[in-house]
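Student: I would like to learn how to read a protein model. Please take me through it one feature at a time.

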Amino acid sequence: MSPDSGDIWHDNPFPLIPVARLGPSADLGDAPVEAADSGNASIRTPVLAELSDLVVDYLADRPAGGRRGRAIALVGRFGLGKSHALREVYATLAGQPDNVAVWIADEPVQDMGRMYRDRLRGPGDTPEGRRGFEELVRDYYAYVTANRVDAQGSDPRLGALDEVAAGLRDGSLDPGKVVSALRYDPAVIHTHLLGTLGEVTEHRRFAIALALLQEPPFTRMVWEWLTGGEPAEPLRERGITEAIGPSGGAGGPERSAAGIHRVFDALAVQGFLHGRVGRPYALLMDSLEKVLDWPDESRRAFVDAFERLIDIYTSRGGLLVFCVSPAGLRKLRPSVHERVVQLWPSGLDEQDTGRLVAAYVAAGGDSRAGAHRPAGPFGPEALRLLYELTEGVPREVLKTCRQAWQLSEEGEDRTVREVTAAKVLAAVRELHERVSRHQVAQEVHRALDLGQWRIATHDPVPARRASPPGTPEEVLYWLAPAPDACLAVVLTDSVLVADDAERVVAHVHSLRNAVRPQRFEALLVVRGHVSGPMQDRLGRMIGSRPLVYRQGDFAHSVDEALRQLDKRLTDGRQEQGLVRLGERVRRGLEEQSAQLAELRREMAEWAAERRPEEARPASARLPDRPGPQAAAADLPGPVRSRFQEALTVLDVITRDRVDRGAAEGPGGRAGAGSPAELGTVGCATVVRALTEKFRGSVSAWHRTAPPGAPAEDRLGELRRICREYEYAVEVLPVHLLGSAGPPHPRTAARTVEALAEEVWDALSEARSAP
């Protein structure tokens, strides 16, 4: 879109480093920052609106039983505006007519003593804040004194103490004068802290310090100690022997953990005093996830102390707002999650992205900017592309806008007439492609060394086809994780628009086609930027999500991605083997189905031939079976009867199945003549044939054996014959045969499974008899 007027813009209104910090006072909005600080413009997002409502509700909450405390967590990844939201909370608290005590920690550090001394901002940083805190301590004395007066009851010697107590509570009496007049000793406040903070903190040092704060000779010393300094000698003589937050650098993890607990004790006591007298107080803490990088003992100490502080703030009327990543939030106990209100900022939508750009353009204050173009030189197409590439992440939006503005400057006076979509694309590439391709290739090489990956002895695709001239796609390595598989590591630049994605996908598909029939996977390494939706699109089209280069331990990320793809190749090889096995099973089933169909036809013919004999007794209708009946006649009677019983059982089962199919005919029930019925008949037929062969082998052994007890070698031959029958029966589905019915007491399966053992016992006994 080209401008339709002579509108021009000059100074770049977007921040050089769009990062909000809770640091110097200027960064907290006390004064506008030249060259456009990241906090000079703001839009009201749903999360900011909800946070503002929670803070306003906290400030307005003045119930008779005490202010209701709350803890709020702003949870999300970097760049979503969590720190900016904290600044908005600070602005709301600072704008209250009544002074609200606010402590600010820009981020936790392991040396909490140094943070407490040098970086923690609180009421003690200004003369006004110190005077306010001293008044608070006097009010607290008054509160404790009123309770002491009430506890003493009426005493003519002390006058109308109930009126004094009422005057202290409603503020009509000066608490300092009352305390001086009644001459209560510092043990009063000490006793009260003992009863209320004994489970929270080591109260004695704070009780002494707060009592001495009321005495002018000690006021300066107490303030130096309260702000993190070493205690002066007069304080040491009175029991305050250590600083609130000793440095953890030289004393090891134990001293570091002690310093963490003492700093949180100080925050707990100071907050408790405000809550006891009904005044609002707040703690704002940024970047809580920084503790995840600490050593285990220091991290545990911080998390434990922080969770106790949440309990104190929520139960004693405080406001605690902190920023944390999702990983940092998971480190807090589930019970703490229940007491914390969680707000999750997300990327801006397309409309709010445009509003953010317009807010910064307006903050630039260029009077010559056209009023009909609220987003300044950014046209609709540029704003649409800006939103898609940054996904509405405020920090990315501001960085891209600044870079695109610079690329659009013209002439010596650096005027800007329009920021086009092409400039936005160029800005994204310049911002995210600052690491050379050579550096990324070196990181990939480190990953191969790390995982001891086997590089292919020759490239399956010629180099000219694998990395065509003039295209940013380059095959860095061909890996050979298996003899019939290959894995390509492909490097490309930013994938920003559909044309980029189609080019990359076409290149990967050409590699896959060139290496067939080998199995193939590709790891796409992107030097630059890929939006989340574009990563999903590439993952669907090439079969794996791209890996975007990020500074840090990128080699481990590459190694892990390669391992996942290698596992996929291994699983694919197993799946192919299963497919081949399945194909063989399918062909075998087809052959079996054909055989069953033939058996079904023969059974039907057999049944038709036997139908006139149905009136005959069942025992007379057994099918004629060829067999070595005469050859088996010389077997001993017990052995002969065992074989006859087994063969009879098998014949009955076969006859019943055949007669059932013949009786029901073509219109019979669905199960008659089914593969299951045919399978039972087939199994019985096979077992009968094995049994007849077994009987023939036993009969031949018996005929050839010399009279008398057989020798050991002859018994071994008999054992072999019996075992062969047992093994043959074990592999058949004899459990499908079912029962032969009366008068047979055993199932068919048990009959044939026990036959070999019974024949061995009977024949051995018969041959051994004198």
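Tutor: Five strands make an open sheet, ordered 2-3-4-1-5, with parallel pairing. Strand 2 (101–105) and strand 5 (340–343) are at the edges, each with a single partner strand, so one side of each has no neighbour in the sheet. On average, neighbouring strands of this sheet are turned by 15° against each other, direction ignored. The axes behind such angles are lines fitted to C-alpha atoms, for helices over the stretch in contact, and angles run from 0 to 180 degrees between N-to-C directions.

Tutor: This is a predicted model: local features need pLDDT of at least 70, side-chain atom pairs count only at pLDDT 80 or more, and totals for chains, interfaces and linings use all residues. Residues are numbered from 1 along each chain as its sequence is written, and side-chain values use heavy atoms, with hydrogens and water left out.

Student: How many bridges join strand 3 to strand 4?

Tutor: Strands of a sheet pair through backbone hydrogen bonds, either parallel or antiparallel. Two strands pair if DSSP finds at least two bridges between them. Strands (E, at least two residues) and helices (H or I, at least four) are DSSP runs, numbered from the N terminus. Here four bridges join strand 3 (residues 281–285) to strand 4 (residues 319–324), and the two run parallel. Leu284 stands opposite Val321 in strand 4.

Student: Which residues of helix 9 are buried?

Tutor: Buried means under 20% relative accessible area, exposed over 50%, and partly exposed in between (1.4 Å probe, protein chains only). In helix 9 (residues 216–226), the buried residues are Phe218, Thr219, Met221, Val222, Trp223, Trp225 and Leu226. Just after helix 9, Gly228 has a positive phi of about 105°.

Student: Where is Asp111 found?

Tutor: Asp111 is in the loop between strand 2 and helix 3 (112–119). Asp111 counts as buried because its relative accessibility is 16%. Asp111 and Ser298 lie 187 residues apart in sequence, yet 9.5 Å apart in space, C-alpha to C-alpha.

Student: How many disulfides does the structure hold?

Tutor: A disulfide is a covalent bond between the sulfur atoms of two cysteines. The test is a pair of cysteine sulfur atoms within 2.5 Å. The structure holds zero disulfides. Two of its cysteines can still be read for burial: Cys683 counts as buried at 7% relative accessibility, and Cys722 counts as buried at 5%.
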